[in-house]
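User: I'd like to learn how to read the inside of a protein model, feature by feature. Could you walk me through it?

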Amino acid sequence: MKKLVTMMCSLLMAHSAFGAGFALYEYSGRSTAMGGAVMASDAEPASLATNPSLITELEGTQVQVGMTAVQAHAKTTVNGDSRTLRKDTWLLPNTYLTHKWSDEVSFGIGAFSRYGLGGKYKDWETWNGSNLAYKVKLETISFTPTIAVKANEQFSVAMGLEAMTIDFTQNSRAMASPLIDYEIHGTGISWGGNFSLTYRPEWAEKWAIGAMYRSKVKQNLDGYIHTSTGTDLSAALRHAPASGAINLPDSISTGVSFKATEDWVLEAGIVGTFWSAYDQIVIEYTDTETAPTIHNKKLYKDTFRLNFGTEYKLNKNWAVRGGYVFDKSPINKEAMDTLVPVDDRHLVSAGFGYKADVWSVDFAYTHIFGKDLSGDSNTQSGNIPMQYSEGRSDMVALTFGYKF
C-alpha cells in the first residue's frame, strides 16, 4: 500500500498541469491571427469567447464555426534521461451563434475549448520519466449562454454562464520491479460565469477598451484508477472507481484598441490568471474505505499574458492581420512534471480574412517558441532533476462565418 501511495502521488504531480501550461486562447481564425488582441476592436460571433459584450454590435443572426490544428515538439530530461514528444496533431473545434433581439439586447451561445492537453513520449517504455507520466489526453468544452445589453452608444455589458465539460486519460509506469502500469480516467461537468464590458468614448472616438472577468471553476470528476497486476496491490485496487477535484482559477482580461485610420486598427491587452488559487488536487477511491485519500499540494504562481495585434483592411472584402504574445508560465521550477514541457512562451502569428455580404472565412498561422527550464520534480519519493528544452509548436486556424 505504501508503494501505491508513492506512485499515485507521482502520477498526480504530472496530472496537475493540465490547465496551467495549456490554457487555450485559440477561439477563431481572426483572434488567433491577432494574438488574441480582439477585446476592443470589431465584433465577431467568436467575441463570445474573448469579450461577449461586443456582440451588441452584430446585426441579425450570425454563426461561426472553426477548427485549430496544433502540433507540438518538446524534450524532457528526467535525471539525465531524455525523451521527445511524439509528433501528433490535435484539433480544437469551436462554434458560435449570436442573435440581436432588439437595438439594446443581444443573445449568444458559444462552444469552445479553454483548456486542453495531449501528448505521448517516444520510447517511453525505458524512460525514467514514465514514473511521472508518459501519455495524456485532456479535452474540455465550455458552453457559454450569454446576454449582452447596450446601455448607450458608448457602453455595453454582458453576463454569461459557463458549463465546462472535462474528459481526461493519463498513463504512467513504475520503473521498478515489478513493472506496474497506471491509468487514471475521469469525466465531469462544472459551472462558472463571466462578466464583460466595452467602452467606446465619444470624447476619444479612435480609442476603445474592453474587459472581462471569468470566475473560478471547481471541477469534480468521476472515473477510475486502473493498475496492472503487482505483488503489493490488492485485487480491489487494480481497477477501482475514483473521484477527484481540481480548482481552475479565475482570470481578468483587458484590451485597448486604437483606430489609426478607417482601415487600420491596433490593440494591446493583458490577461491575468490567479493560479495561486490552484492549491491542490484531491483524489480518492470511491468504494474502498481503506485506500488513502491523496492531497497533492501545488506551487503554482499567478501569471500574465501580454498580447499585441493589428488588422489592416485592404478593401471591403480582404483584411490582413498579425500578432505577438508573451505568455508567462505558471510552472514552478521546484515542482516540474512531464506533461507541460515548456516554460515561458513567445507566439508570433499572421493571417488574413475574406468577407462577402453574408459569409466570411478567416485563416491564421502561429508559431510558438518555448523557453528552456531546469529544476526538479517534487514527488513523495523525493526531488528528481528535470529539464525542458526544444519547446516549440505550430498552430493553423480556419473559421467560417455566415449571416442570416
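User: How many cavities does a search of the whole structure find?

Analyst: On a 1 Å grid over the protein atoms alone, a cavity is a set of points where a 1.4 Å probe fits but cannot get out. Points are joined across faces, edges and corners, and a volume is the space filled by probe spheres set on them. Here the search finds 6 cavities of 30 Å³ or more, and the largest cavity holds about 330 Å³ of space. This is a predicted model: local features need pLDDT of at least 70 and side-chain atom pairs pLDDT 80 or more, while totals for chains, interfaces and linings use all residues. Residues are numbered from 1 along each chain as its sequence is written, and side-chain values use heavy atoms, with hydrogens and water left out.

User: Which residues are closest to the centre of the largest cavity?

Analyst: A lining residue has an atom within 4 Å of a point. The largest cavity has 27 of them, and Y25, Y27, R214, S253 and V271 are the closest to its centre. Strands (E, at least two residues) and helices (H or I, at least four) are DSSP runs, numbered from the N terminus. β13 (264-273) is among the elements supplying at least two lining residues, and β13 gives the most, with 5.

User: How does that lining divide by class?

Analyst: Ala, Val, Leu, Ile, Met, Phe, Trp, Tyr, Cys and Pro count as nonpolar, Asp, Glu, Lys and Arg as charged, and the others, Gly among them, as polar. The lining of the largest cavity has 12 nonpolar, 11 polar and 4 charged residues.

User: And how much space lies in the largest pocket?

Analyst: A pocket is an open set of points with protein on both sides within 12 Å along at least five of seven lines. The largest one has about 840 Å³ of space. It is lined by 44 residues, of which R30, D42, A43, K313 and K355 are the closest to the centre. Strand β19 (residues 359-370) contributes the largest share of this lining, 4 residues. By class, the pocket lining divides into 18 nonpolar, 9 polar and 17 charged residues.

User: Which residues touch the most other members of the largest nonpolar core?

Analyst: In soluble globular proteins, nonpolar side chains tend to be buried together. A nonpolar core is a set of buried Ala, Val, Leu, Ile, Met, Phe, Trp, Tyr and Cys residues joined through side-chain atoms within 4.5 Å. Buried means under 20% relative accessible area, exposed over 50%, and partly exposed in between (1.4 Å probe, protein chains only). In the largest core, of 34 residues, those two are Y115 and L248. Elements giving two or more residues to this core include β1 (61-78) and β21 (382-403). A second, separate core has 12 residues, including A46, A49, Y96 and F112.

User: Is S393 buried or exposed?

Analyst: S393 lies in strand β21 and is buried, because its relative accessible area is 13%. Contact means heavy atoms within 4.5 Å. Leaving aside neighbours within four places in sequence, S393 is in contact with Q71, A72, H73, T366, H367 and I368.

User: In what sense do β1 and β3 pair?

Analyst: Two strands pair if DSSP finds at least two bridges between them. β1 and β3 (residues 89-100) are antiparallel, over 11 bridges, and V65 has T95 in β3 as its bridge partner. β1 also runs antiparallel to β2 (residues 81-84), joined by 4 bridges.
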